[in-house]
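Hello,

Here is the structure I promised to pass on to you. Have a look at it first, and then read on for my notes.

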Amino acid sequence: MSDADSVPTLSADGLRTGLRCPRQYEFAHVHDLEGEAAAVDGRVDLLRTALCDALRSGETDGEALEGLAEDRLATLWADHDERFHSATQRRHERRVLEATAAAYVEAVGVDHAAGIERLAAAAIGGELVGPGLPLSSTVDLSGADRGDGPASAPESVRIDATVDYVTGDGSSLVGVRFVPTVAPLGLLRYRSDWAGDVAALFTDHFDPESAAFDPAPVGALLETAVVLDGLRGLRDRLELGDRTCRYVQVPLADRSGTAVNWVRDDVETSLEIVDLTDVYVDHHTYGMTHEHRNATVDDRLASVAAALVSGPYDPEERWAAIEDHACPTCDYAVCCQDYIAREVGFDG
Ligand code: SF4
């Protein structure tokens, strides 16, 4: 939370952590204790920067765009001090990054670069290319289910998220975020509709009677709500008309589509790009608002946010699932009293 103004803030990353375990959220985001997993993936950041710099150039020709990204990557790579086992491994990792940049340009880069130019011409100014373009959504907590939290919780919260650039696609404003991998999205990768098993996955996660525990895809749906609302705010500030907003993730470190020819020292890859909009929007809310919204997700976003800004961060309610799914890979296990008490049997 921030003390900078009277409205408390959360982040999309904080929402994801809180869904996994509220105590983990307290360690990471209230006390700012850094876990080992918090170390940024430096290679993804290099490529993110190189691609954003190429897109910012205004170039829309594929070959030229790829060349700009490669040149920028070469400069950034020269200063990249990650430890590798060997010079061969270092060379290979750079080849993978170059192949990923090429795959990005071929898959969507050219279209997105042209879309950025069209948007820039229509907007009244403002940044369209990051990396890390800030977006935010202010969520009203006055009607939120506060569970066992204190009644004095704030009336609203600002939730921050980022995209790496914003582009235009027909009558849509599209926010794009480069992520390491889309694997955490789970079922959302394979569906294009909220109705059915996505809605069930979401509601089951919050059902105390259900053993379901899917914090990553549920967190992605909450993040999508935040990003789309943030994009609507950006659209209005830049006077971009009544475009509908969309949210797309592009993975930069997903090796599942990578093929290596060690003889020719050649790497090829393809990218699985995921548009989270359709899997988030529910048709009923869309019909009522003509905006890409989902009342179920938005209501739950408010109650999750209310719990995270007010505490008490007790993992007890979901302990069985948290112990099975979150504790084994938790960076805070060595200092977590909930975990230690259970491990040594002091939980009464
Ligand atoms: S060890 Fe388990 S209970 Fe403690 S913070 Fe981590 S996930 Fe939560």
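α2 contributes the most to the shell around the ligand, namely three residues. Please bear in mind that this is a predicted model, in which local features need pLDDT of at least 70 and side-chain atom pairs count only at pLDDT 80 or more, while totals for chains, interfaces and linings use all residues. Numbering starts from 1 along each chain as its sequence is written.

The ligand has 14 residues around it, and those that come nearest are C21, C327, C330, C336 and Y339. The elements supplying two or more residues to this shell are α2 (22–30) and α12 (337–343). A residue is taken as near when its C-beta atom, placed from the backbone, lies within 6 Å of the molecule. Helices (H or I, at least four residues) and strands (E, at least two) are DSSP runs, numbered from the N terminus. By class, the shell holds 11 nonpolar, one polar and two charged residues. Here Ala, Val, Leu, Ile, Met, Phe, Trp, Tyr, Cys and Pro are nonpolar, Asp, Glu, Lys and Arg are charged, and the others, Gly among them, are polar.

Now to the packing. The largest nonpolar core contains 78 residues, and L51, Y165 and A305 have the most contacts inside it. α7 provides the largest share of this core, 10 residues. Apart from it there is another core, of six residues, which include A326, C327, C336 and Y339. Such a core is a set of buried Ala, Val, Leu, Ile, Met, Phe, Trp, Tyr and Cys residues joined through C-beta atoms within 7 Å. Buried means 20 or more other C-beta atoms within 10 Å of a residue's own, exposed means 12 or fewer, and partly exposed is in between, with C-beta atoms placed from the backbone. If neighbours within four places in sequence are left aside, A305 is in contact (C-beta atoms, placed from the backbone, within 7 Å) with L10, V139, L141, V157 and I159.

Most peptide bonds are trans, and most residues other than glycine have a negative phi. The bond from G130 to P131 is cis, with omega near 15 degrees, and P131 lies in strand β2 (residues 129–140). Another cis bond joins G311 and P312, with omega about 10 degrees. P312 sits in the loop between α10 (295–310) and α11 (319–325). Y313, also found in the loop between α10 and α11, has a positive phi of about 65 degrees. E239 has a positive phi too, near 55 degrees, and counts as exposed because it has 11 C-beta neighbours inside 10 Å.

Best wishes

Terms used:
Contact = placed C-beta atoms within 7 Å.
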